[in-house]
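Dear colleague,

Please find below the structure that I am handing over to you. A short account of the findings follows it.

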Amino acid sequence: MASPDTREHRALPEARGERLDAYLARAFPDLTRSRLQGLIADGHVLSDGKPGKAAQRLRGGELLSLHVPAPVAAIPQAEALPVSVLHEDRDLVVVDKAAGMVVHPGAGHASGTLVNALLHRVKDLAGVGGELRPGIVHRLDKDTTGCLVVAKHEQALVALQKAFKTREVQKTYLALVHGVPPAEGRIETLYGRHPIHRQKFTGKVKEGKPAITLFRVREAFDGAALVEVDLLTGRTHQIRVHLAEAGHPLLCDALYGAGRKAKGAVAEAQEALGRQALHAWRLAFEHPRTHKPLDLEAPLPEDFTKALELLRAASTPAGPPTKAKPASKKPAAKATGRKR
């Protein structure tokens, strides 16, 4: 397998005003412009030490650093990695994904993923639904923790994928956000990739797929809130985008909340977290073979719990959150981390 490739190049003075991706395509003719755009989106291109953007205009003279990761192996290898299991039977396994663990191999992540761990744990998982993503029904962001279901054979995979597509799966998250949103709400937008920042998504598009997010405030603090979120659709970054565009980005969300300044206990909570404050708390669905209901909860991880403690300790008693249009008639449950 080829080794990773790191290159440096000083932008020429005459490059002033030129797009970064277009200039790199000329500077490194062995890489296509689309490949370079992918590397930029994945954070592998730095301009004077800062992550570049494909559409940014050069001043001329910048030091451009380009890292090309080693190609991903065609077939992921089994690795004896720790993984927390919430439920397992002959058809599926529901895990509590840890923060920092990528779900499946990809550019820059050829090993150390959840798939590598599951290949070691689950016999005959390789090849279920494809070599690179065996058994994977849905995904969570690298820094999002909590419930994730994996199918052990093709029949279970097809049934679970259908259940997700037809919205027969209940997906409930817990999030810590900046500010205090209304008590309940429903965010429904069209959804698509951001027209300028291509690594981002947005609900402010004229054309796109429908995206629906329901939320309820569980606890209000000074400058932050614990929010329970139900996803009726499963778009990439949906919770992060919808809450940020509603004025309440997640704590520590570098992509969608970078401009939000924190102070006091909120800043301390962010330091305790060090990653976006999102936890896939509950997953409820019908078992694909027995058709019995499965309702599983993942306990709050230590960093999330610590952040909550800091916010609670510093907050003064507050009145009830502002009333808004009810998001759901389902009562909020307690985050106990148990199988129901």
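Cysteine 147 counts as buried because its relative accessibility is 2%, where buried means under 20% relative accessible area, exposed over 50% and partly exposed in between (1.4 Å probe, protein chains only). Cysteine 252, at 22%, is partly exposed. A search of the whole structure for disulfides, that is, pairs of cysteine sulfur atoms within 2.5 Å, finds 0.

The model is predicted, so local features need pLDDT of at least 70 and side-chain atom pairs count only at pLDDT 80 or more, while totals for chains, interfaces and linings use all residues. Residues are numbered from 1 along each chain as its sequence is written, and side-chain values use heavy atoms, with hydrogens and water left out.

An open, antiparallel sheet is formed by 4 strands in the order β1-β4-β2-β3. Strands are DSSP runs (E, at least two residues), numbered from the N terminus, and two of them pair if DSSP finds at least two bridges between them. The edge strands, each pairing on one side only, are β1 (5-10) and β3 (50-51). Between β1 and β4 (residues 63-68) there are 6 bridges; threonine 6 has histidine 67 in β4 as its bridge partner.

The structure also holds 1 aromatic pair. Tyrosine 191 and phenylalanine 201 are stacked, 6.1 Å centre to centre with 5° between the planes (ring centres within 6.5 Å make a pair; planes under 30 degrees apart count as stacked, over 60 as edge-to-face and the rest as tilted). Both tyrosine 191 and phenylalanine 201 are buried.

Yours sincerely

Conventions: Rings of Phe, Tyr and Trp (its six-membered ring) pair if their centres lie within 6.5 Å; planes under 30 degrees apart count as stacked, over 60 as edge-to-face and the rest as tilted.
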